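Please look over the sequence and the structure shown here before reading on. The briefing that follows takes up a pocket, a strand with its partners, and the nonpolar cores.

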Amino acid sequence: MKRLDIGIAGAGPAGLASALMLARQGHHVEILERFAEVAPVGSGLMLQPTGLTALDALGLLQPMMALGSRIDRLHGADARSGRTVLDVRYDALVGGRFGLAVQRAALFGVLQDAVVAAGIAIRTGMTLTGARTSGEKALLLDASGQEVGPYDLVIDATGARSTIAAGAATAPGVRELAYGAFWATLDSDGLSHDPNALTQRYDRAKVMIGILPAGRAQPKARDHVAFFWSVKVGDADAVKRAGLDRWKAGLRGYWPDCAPLLDQISDWDQLTLARYAHRTMRPPVSGRVAFVGDSAHSTSPQLGQGANMALIDAATLAHTLSLTDDIDAALAAYGRARRNHMALFQMLSLAFTPFYQSDSAALAWVRDRLVATIARIPPSPALLASIVSGTLIDPFAAAGLKECDWHAICAQPVVESGVAVPA
């Protein structure tokens, strides 16, 4: 591939990973970010074998593992009866796969440090509202209507609320989801929990409370957990007006063990309300503009695939661009390569989410009685593990990646601040 001038809108994981992969191929890359200072947004997330493999290709897996918490299972129980509703174990699949729970700040820090070390330019304070193709070039538009560029290629990585995607010829339809969640990153001291599991409690589908061990934001810092509580976005203000004490009392009633976390929350400002939307851009390309991560596709976080899909998008786009000098052909190949994997997991997320976040008592009953039983009968455990891993359809070949040897990865010492520590 000839050397390209590439402008990347957005300095989240999708944008930073795209910049690294493309700069390492010899392209000239600059990142344009709307905030005055580049910073992460959000609490915790799960890196699955898909995202971890993409990080390994960048040489960033070991630094990430030094900060994250290994997750071996996802476990959910009915808050009132204690009956197991969800039990997904990675070891239901051969190969030694696992998840890695991390703070968003940790993932951002590892990627940003690599971007800075690579000398990739980041322009901050750039509010971008659109993009257009002019001949063989692409231009970004800022809030004042001024053009930024030109570039041989623009990559939109500005996320689920992308105005660039909204104005594209292939603009996706957006379906706002009724349920979101309050999130907080909290100290795990005094908390009784499984350090290698995402643990959840449910009351039908209206209440979902979760604890995700999330490691540390930087080397030598203390471990934290991501704590979340599902809420209807339209009810969030009413919940706040009712008062923090009332909210805490309700959560203690469902899950007394989470009291040490609730004791740390003294103000609503410590909680972030996350809103979710379902959107799909087909294809994730418009002229000389490519879309990666949530700007191309977004769902609820129920399957924990968001950041992982973004990292696979970045790897796939870089791979298709490496195969030909024809940019348009490479972008068309990127769209084809991501189509089936993206569509499958969006469909699964759309299907599964109402069982865990909705007003339907019937779906919760089916989940608790029928689905929980079927999930224990082979081959269901392996099927669920492959869904959570992001590998129900293989995304690696189309991205030019080879999945990690997880047994070998786990046998290596984890390096933190230059000091080898046992894995």
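How much space lies in the second largest pocket? About 370 Å³ of space lies there. This is a predicted model, in which local features need pLDDT of at least 70 and side-chain atom pairs count only at pLDDT 80 or more, while totals for chains, interfaces and linings use all residues. Residues are numbered from 1 along each chain as its sequence is written, and side-chain values use heavy atoms, with hydrogens and water left out.

**The second largest pocket**

- A pocket is an open set of points on a 1 Å grid over the protein atoms alone, where a 1.4 Å probe fits, with protein on both sides within 12 Å along at least five of seven lines; lining residues have an atom within 4 Å of a point.
- The second largest pocket is lined by 20 residues, of which Val 207, Trp 229, Val 231, Val 239 and Trp 247 are the closest to its centre.
- Two or more lining residues come from each of β17, α6 (236–242) and α7 (244–254), and α7 gives the largest share, five residues.
- The lining divides into ten nonpolar, three polar and seven charged residues.

- Strands (E, at least two residues) and helices (H or I, at least four) are DSSP runs, numbered from the N terminus.
- In strand β16 (residues 207–215), nine of its nine residues are buried, where buried means under 20% relative accessible area with a 1.4 Å probe, protein chains only.
- In a regular strand the side chains alternate between the two faces of the sheet.
- In β16, Val 207, Ile 209, Ile 211, Pro 213 and Gly 215 are buried on one side, and Met 208, Gly 210, Leu 212 and Ala 214 are buried on the other.
- Strand β15 (residues 197–203) runs antiparallel to β16 and is joined to it by five bridges, with Thr 199 and Ile 211 as bridge partners; two strands pair if DSSP finds at least two bridges between them.
- Three residues lie between the strands in the hairpin of β15 and β16, where Arg 204 takes a positive phi near 55°.
- Six bridges join β16 to the antiparallel strand β17 (residues 224–232), in which Phe 228 stands opposite Gly 210.

**The nonpolar cores**

- A nonpolar core is a set of buried Ala, Val, Leu, Ile, Met, Phe, Trp, Tyr and Cys residues joined through side-chain atoms within 4.5 Å.
- The largest core has 60 residues, and Leu 47, Met 64, Leu 107 and Leu 111 touch the most other members.
- Helix α9 (residues 306–322) gives the most to this core, with nine residues.
- Another core, of 26 residues, lies apart from it and includes Ala 79, Ala 184, Val 225 and Trp 255.

Terms used:
Buried < 20%, exposed > 50% of the residue type's maximum accessible area, 1.4 Å probe, protein only. Points joined across faces, edges and corners; volume = space filled by probe spheres on them. Nonpolar A, V, L, I, M, F, W, Y, C, P; charged D, E, K, R; others polar.
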